[in-house]
Protein chains: 2
Amino acid sequence: MNGKKNERAINFGAGPGQLPLEVLEEVQAELLAYKNAKVSILEISHRSGDFKKVIESAQARLTQILNIPDNYKVLFMQGGGTGLFSAVPLNMMTTGTADYIVTGSWSSKAAKEAAKYGKVNLVVPKTSQYTEIPDRSNWNLDPNASYVYYCDNETIHGIEFHDIPETNGVPLVADMSSNFVSKPIDVSKFGLIFAGAQKNVGPSGVTIVIIRKDFIGTAMKICPSILDFAVVAEGNSIHNTPPVFQIYFVGLVFEWILKNGGVEGMEELARQKSQMIYDIIEKSNGFYSCPIKENCRSRMNIPFRIKNDEKLENDFVSGAAALNMLQLKGHRSVGGIRVSLYNAVTLDQVKQLSNYMIKFYEQHKN
Amino acid sequence: MNGKKNERAINFGAGPGQLPLEVLEEVQAELLAYKNAKVSILEISHRSGDFKKVIESAQARLTQILNIPDNYKVLFMQGGGTGLFSAVPLNMMTTGTADYIVTGSWSSKAAKEAAKYGKVNLVVPKTSQYTEIPDRSNWNLDPNASYVYYCDNETIHGIEFHDIPETNGVPLVADMSSNFVSKPIDVSKFGLIFAGAQKNVGPSGVTIVIIRKDFIGTAMKICPSILDFAVVAEGNSIHNTPPVFQIYFVGLVFEWILKNGGVEGMEELARQKSQMIYDIIEKSNGFYSCPIKENCRSRMNIPFRIKNDEKLENDFVSGAAALNMLQLKGHRSVGGIRVSLYNAVTLDQVKQLSNYMIKFYEQHKN
């Protein structure tokens, strides 16, 4: 196609993140005219038969990937995770109160947004240092809550749930933006799952929502149409013009996942990749240190410090960039280094980073 | 690049609409690696220096194109025009009431959405047949309205304002989705202008907002963060992850407009293109008929009937498609034919359609 392929680096960014090269190449090849449509996918009518196929096949592939039961619907929305922070209470806070399990920045933001629309009950004690999921015996769950909300993977702090919280029958809502389709999940345990595309499945600009059908149609009267699940569901996500390009793109990524072992394949890959990095951290005698408790360390985003030394960390980041490994600087609120290992990051790319980490350790350990 | 270029037809669709081929080719060429960033524009961090340049140059180009005064800000939002239907009252209905000039489907939908958040005063009499802008001497403007809302070009009905409504000092809000940057406008006369990109400036998935700065910071408490102008403005449209690709794309279209004579060039082109079609309609002795009053006919979307004969209209559409002229079917609520002539539709393409219309008339006039 063109020389640009050879100019690509390894992208360890936390999102927008690296996308599968095969998908990018397919998109590039048909960018001027989509299949037999004679217009670009960027120009195609959202009410055309061609786009109907695009959206329905994306939904069918995701249904296959996650084995989504019949009583759920897949929606494509706009506004990212932040849009869902409002949409969830606006549609689902029917008892006037909801439970929030705050384990990092993103669930904290979601709780703050929900408080605009009703009472927010904090399930775990407030903290500014997110390093663990507090023990479940101490959770303060409200049986009257409309739902229990949590973030399955905190992108900034690197905290991931490795099992599904028990809520004693209260519907569960999960933000899976940064670990979406990276492991099998039992969808039937959830009232709603959402994910911004820009981590594991596509470019920014679309949010995927998997919703149990009985949560469609219960929005507050003040709910804006674009955030009303009933409005979005009624037109199969084309009540108003959707982000056509992003829906097309995530459909191709879903196809790529199916070709590469499905979520089981993604999970095995994520296990191997993250293990490689955590092993180096553990064997470095404190040179590298990850503040997160071992039972909730994320397979997607690994934050660590290097001797708590900012100068050394900057050297690490710039040395990596010189070797074409990009976006390793930690989030400004946490500092240090962050390695994001989304589905499209290959094992070989992580090996390159591992080698660099070992070399850097050898050079600077004393 | 590839053969796909030769597969392209002429797209007279109402939106998503045809985009400039030069821009599509540029996007295609650098899709795997954006300039020197070593990652695709689809993978680039919205907080990177590269993207900062993308967004700031898009804002600067639009400011140049429309000569936007200093006391205005350009925002990029999500949710399309429908998102703004909610955002406008949620941010600006500070007196509890607003005026809506309903001249077609889109302003009607906006008024309906606004009624969720306060009192909507209808400025012109209710109608189900949108064929004119009622005479201004009969307008019922409320001096206590927070703002006066109107749709500058009704995409479905083909009604366009050819001057700016006088509101006696009440702030003016305009939906310019389907005639954005197709003519010079005096921005200083508006409190807010918005436009979904997917007509004149890009793919669907981003909404451009031009807002006078004193309307930032007055949102109701129930306003979702993604629709709160203050939240969006504070981070220069990256409070949360924006639709990076669409912002990049519209920036390139703005550059293309500047290279092609600016809005003055676009206006002259729109005048020539629409005149060509209206002339054929007028000279057809009623064979082609446009129901819209002459003083408010749209230069962007031209709806017409062919002898009020559906069968003939279907023949027209399929005959055009056989000649690679697509998307000429009228909106389902109006019927007939609709020709959309957005900025990227060339004069030569409209000439091809004109020739076809003349031939079709000759063949079927008796």
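**Stop 1: a lysine in a loop**

Select B:Lys307, which counts as partly exposed at 38% relative accessibility. This is a predicted model, so every value on the tour is computed from predicted coordinates. B:Lys307 lies in the loop between β12 (301–306) and α8 of chain B. Check its backbone: phi is about 50 degrees, positive although the residue is not a glycine.

**Stop 2: another positive phi**

Move to B:Asn236. Phi here is near 50 degrees, again a positive value in a residue other than glycine. The residue is found in the loop between α5 (229–234) and α6 of chain B.

**Stop 3: an asparagine and its contacts**

Go to B:Asn144, in the loop between β4 (119–122) and β5 (148–151) of chain B. Leaving aside residues up to four places away in sequence, B:Asn144 touches B:Thr95 and B:Thr97. B:Asp99 and B:Asn144 are 45 residues apart in sequence, and their C-alpha atoms are 9.1 Å apart in space.

**Stop 4: cis peptide bonds**

Select A:Gly15 and A:Pro16. The peptide bond between them is cis, with omega near -10 degrees. A:Pro16 has its place in the loop between β1 (10–11) and α1 (21–29) of chain A. Then select B:Gly15 and B:Pro16. A cis peptide bond joins these two as well, with omega at about -5 degrees. B:Pro16 is in the loop between β1 (10–11) and α1 of chain B.

**Stop 5: lysine over tryptophan**

Show the side chains of A:Trp106 and A:Lys109. The charged end of A:Lys109 sits over the ring of A:Trp106, 4.6 Å from the ring centre. Repeat in chain B. There, B:Lys109 lies over the face of B:Trp106, at 4.6 Å from the ring centre.

**Stop 6**

**Stop 6**

Select helix α6 (residues 244–259) of chain A together with α7(A). The two pack with their axes 7 Å apart, at an angle of about 75 degrees. That angle makes α6(A) roughly perpendicular to α7(A). At the contact, A:Trp256, A:Ile257 and A:Leu258 of α6(A) meet A:Gly262, A:Val263 and A:Met266 of α7(A). The contact residues divide into five nonpolar, one polar and no charged.

**Stop 7: α7 against α9**

From α7(A), the contact residues are A:Leu269, A:Gln272, A:Lys273, A:Met276, A:Ile277, A:Ile280 and A:Ile281. From α9(A), they are A:Leu347, A:Val350, A:Lys351, A:Leu353, A:Ser354, A:Met357 and A:Ile358. By type, the contact holds 10 nonpolar, two polar and two charged residues.

**Stop 8: aromatic pairs**

Now display the aromatic rings. How many aromatic pairs are there over all chains? The count comes to 37. Zoom in on B:Tyr34 and B:Tyr248, an edge-to-face pair with 5.6 Å centre to centre and 90 degrees between the planes. B:Tyr34 sits in the loop between α1 (21–29) and α2 (49–66) of chain B, while B:Tyr248 is in helix α6 (residues 244–259) of chain B, 214 residues apart. Both are buried.

Next, select B:Tyr288 and B:Phe316. This pair is also edge-to-face, at 6.3 Å centre to centre and 75 degrees between the planes. The pair links strand β11 (residues 288–289) of chain B, which holds B:Tyr288, to helix α8 (residues 310–322) of chain B, which holds B:Phe316. B:Tyr288 and B:Phe316 are both buried.

**Last stop: a cluster with both chains**

Finish by selecting A:Tyr34, A:Phe245, A:Tyr248, A:Phe249, B:Tyr34, B:Phe245, B:Tyr248 and B:Phe249. Together these residues form one aromatic cluster.

Technical notes:
Residues are numbered from 1 along each chain as its sequence is written. Chains are lettered from A and ligands numbered from 1 in the order in which they are written. This is a predicted model: local features need pLDDT of at least 70, side-chain atom pairs count only at pLDDT 80 or more; totals for chains, interfaces and linings use all residues. Side-chain values use heavy atoms; hydrogens and water are left out. Contact means heavy atoms within 4.5 Å. Helices (H or I, at least four residues) and strands (E, at least two) are DSSP runs, numbered from the N terminus. Ala, Val, Leu, Ile, Met, Phe, Trp, Tyr, Cys and Pro count as nonpolar, Asp, Glu, Lys and Arg as charged, and the others, Gly among them, as polar. Rings of Phe, Tyr and Trp (its six-membered ring) pair if their centres lie within 6.5 Å; planes under 30 degrees apart count as stacked, over 60 as edge-to-face and the rest as tilted. Buried means under 20% relative accessible area, exposed over 50%, partly exposed in between (1.4 Å probe, protein chains only). A charge sits over a ring if NZ of Lys or CZ of Arg is within 6 Å of the ring centre and within 35 degrees of the ring normal. Axes are lines fitted to C-alpha atoms, for helices over the stretch in contact, and angles run from 0 to 180 degrees between N-to-C directions. Angles under 35 degrees count as roughly parallel, over 145 as roughly antiparallel, 65 to 115 as roughly perpendicular and the rest as oblique.
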